[in-house]
Amino acid sequence: MKKKLFCFDFDDTLVDEDYWFKARWNKTFELHQSLFTTIIIKDFFDIYDLKGPYYKFHLQDLSLHHKEIKLSKKQIINTFKSIEVKEILFPEVFNALSRLSSVPNYKIGIISNGSYNVLIKRLKHLNIYNFFDTIICDGYMKKPNNESFQTIFKNYKDYELFYIGNDIRLDLIPANENGFKTFLYVKDKTRLNSKYNCFSDYLSFSNQFL
Amino acid sequence: MLSKRIHNNFLFYNDKFRFRLIEYKDIECIRNWRNEQKSVLRQNQIISEQEQEDYWNKEILPTFDLDEPNKLLFSMENLNTNELLAYGGFVDIDWNKKHAESSFLANTIYIENHKEYKILFINYLDFLMLVARKLKFSLIYSETYSFRKKHIEILEKYGYAQYGFIKKIAKSDNFSKLHQYSFK
């Protein structure tokens, strides 16, 4: 059997990133409950939904309408950064990783963007850290740059390479350009289509290789 | 010819050490160090004298004539005794992105003495960063085996941050990659 390396993106591929961010914000609001009324929280999530989780100025925008937030912005952000929440893997992810990694010629990896240390912590909390043979999480040479894919490509020359991600531009295109066969994970089954080896069920995904 | 410009324009001295471009006279020392320390290098075989000679002629010498060489190697000497202490530099230089991998190898006699090794390594990194700034490199990265704990400790204290690991090619332990912040 040919050796295979399955590399996954992390956020929105193995875990629900939106849940991770929103749960941390909700905990933050609980800890600063004297400041955050129901209306302010609703306004916050309106901004969040509009601008997305990586927008840096949610609180700044909120404070334009709710001046009482302005003075405490720094403390609120510090609270948010310190919050850890129990994350949830997408259905059957644990089983898929476990089954794939138990095949002698198969290895599992992660290529992701962001903070390496934060990712390691999250993987350990999810009890999946030990499945991985390689992890590349680069906060500087981020996908869609080729560097992370190249690092894997150079070091796993005798492997058939697969990349599983949720974003065509950030994941699939650069992975393809660097010698990986690609699969697109979509959490919403109604968005499944015949392009990009699209799937939403990790059990079926892993079964095709077993 | 970048090497010549570097040689002419850079400050190569501090109060204890001299840094200069690698020279032919260094290669036998370097061959011995590499063979003695091959377990920490990406080197599987013992390098013969002929192989080292060939490497010098084919891989090093031609880079001295290029404006954008793929590697820049430097030797580090004791300023007073002229003893060759270490060598290293930048390899896999990507001139478009201004990225390069940094490397460092000290004389084997300094490996066991952590204090001396640290002094050599930090001074070497100071010199390399000076070169990197002059060449406007935006990213310097390095990779090393994770069993080299003291080496990693120095890298991390200097400002390199780990961004990944690869187990597959491990010799006796995990393989770590280390990555440094950009210079601005």
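Is Thr37(A) buried, partly exposed or exposed? Select Thr37(A): this residue is partly exposed, with 13 other C-beta atoms within 10 Å. The cut-offs are these: buried means 20 or more other C-beta atoms within 10 Å of a residue's own, exposed means 12 or fewer, and partly exposed is in between, with C-beta atoms placed from the backbone.

Before moving on, note that this is a predicted model: local features need pLDDT of at least 70, side-chain atom pairs count only at pLDDT 80 or more, and totals for chains, interfaces and linings use all residues. Residues are numbered from 1 along each chain as its sequence is written, while chains are lettered from A and ligands numbered from 1 in the order in which they are written.

**Stop 1: chain A as a whole**

Stay on Thr37(A). It is found in the loop between helix 1 (17-31) and helix 2 (38-51) of chain A. Helices (H or I, at least four residues) and strands (E, at least two) are DSSP runs, numbered from the N terminus. The C-alpha atoms of Thr37(A) and Thr190(A) are separated by 35 Å, and the two residues are 153 residues apart along the chain.

Show all of chain A. Its secondary structure comes to nine helices and six strands. The C-alpha trace spans about 65 × 30 × 30 Å along its principal axes. Colour 4-15 + 87-207 as domain 1 and 18-82 as domain 2. These bounds come from an automatic or database domain assignment. The C-alpha centres of the two domains of chain A lie 30 Å apart. Of the 210 residues in chain A, 32% are buried.

**Stop 2: the nonpolar cores**

Select Phe6(A), Cys7(A), Leu161(A), Phe162(A) and Tyr163(A). In the largest nonpolar core, which has 40 residues, these touch the most other members. Such a core is a set of buried Ala, Val, Leu, Ile, Met, Phe, Trp, Tyr and Cys residues joined through C-beta atoms within 7 Å. In soluble globular proteins, nonpolar side chains tend to be buried together.

Which residues are in contact with Phe162(A), leaving aside its neighbours within four places in sequence? They are Lys4(A), Leu5(A), Phe6(A), Cys7(A), Phe180(A), Lys181(A) and Phe183(A). Contact means C-beta atoms, placed from the backbone, within 7 Å. A second, separate core has 29 residues, including Trp33(B), Leu120(B), Leu128(B) and Tyr141(B).

**Stop 3**

Select helix 7 (147-155) of chain A. Glu147(A), Ser148(A), Phe149(A), Thr151(A) and Ile152(A) are buried there. The buried residues of this helix pack against strand 1 (4-8), strand 2 (106-113), strand 3, strand 4 (160-165) and helix 8 (168-177) of chain A.

Step back to Pro144(A), in the loop between strand 3 (134-138) and helix 7. A cis peptide bond joins Lys143(A) and Pro144(A), with omega about 10°. Most residues other than glycine have a negative phi, and most peptide bonds are trans.

Next, go to Asn197(A). This residue has a positive phi of about 50° although it is not a glycine. Asn197(A) lies in the loop between strand 5 (181-185) and strand 6 (198-199) of chain A.

**Stop 4: the strands of chain B**

Select strand 3 (84-94) and strand 4 (99-106) of chain B. The two pair in the antiparallel sense over seven bridges. Strands pair if DSSP finds at least two bridges between them. Phe90(B) has Ser102(B) in strand 4 as its bridge partner. The two strands form a hairpin with four residues between them, and Lys98(B) in the turn has a positive phi of about 65°. Lys98(B) is partly exposed, with 16 C-beta neighbours inside 10 Å.

Glu101(B) has Tyr141(B) in strand 5 as its bridge partner. From strand 4 the chain crosses through helix 4 (residues 114-134) to strand 5, and this β-α-β crossover is right-handed. That is, with the strands pointing away from the viewer, the path from the first strand over the helix to the second runs clockwise.

**Stop 5: where the chains meet**

Show both chains. The contact takes 11 residues from chain B and 13 residues from chain A. Strand 6 (residues 160-166) of chain B gives the largest share of the chain B side, five residues. Finish on Thr134(A) and Ile166(B), which are bridge partners. They sit where strand 3 of chain A and strand 6 of chain B pair in the antiparallel sense over three bridges.

Technical notes: Two residues are in contact if their C-beta atoms, placed from the backbone, lie within 7 Å.
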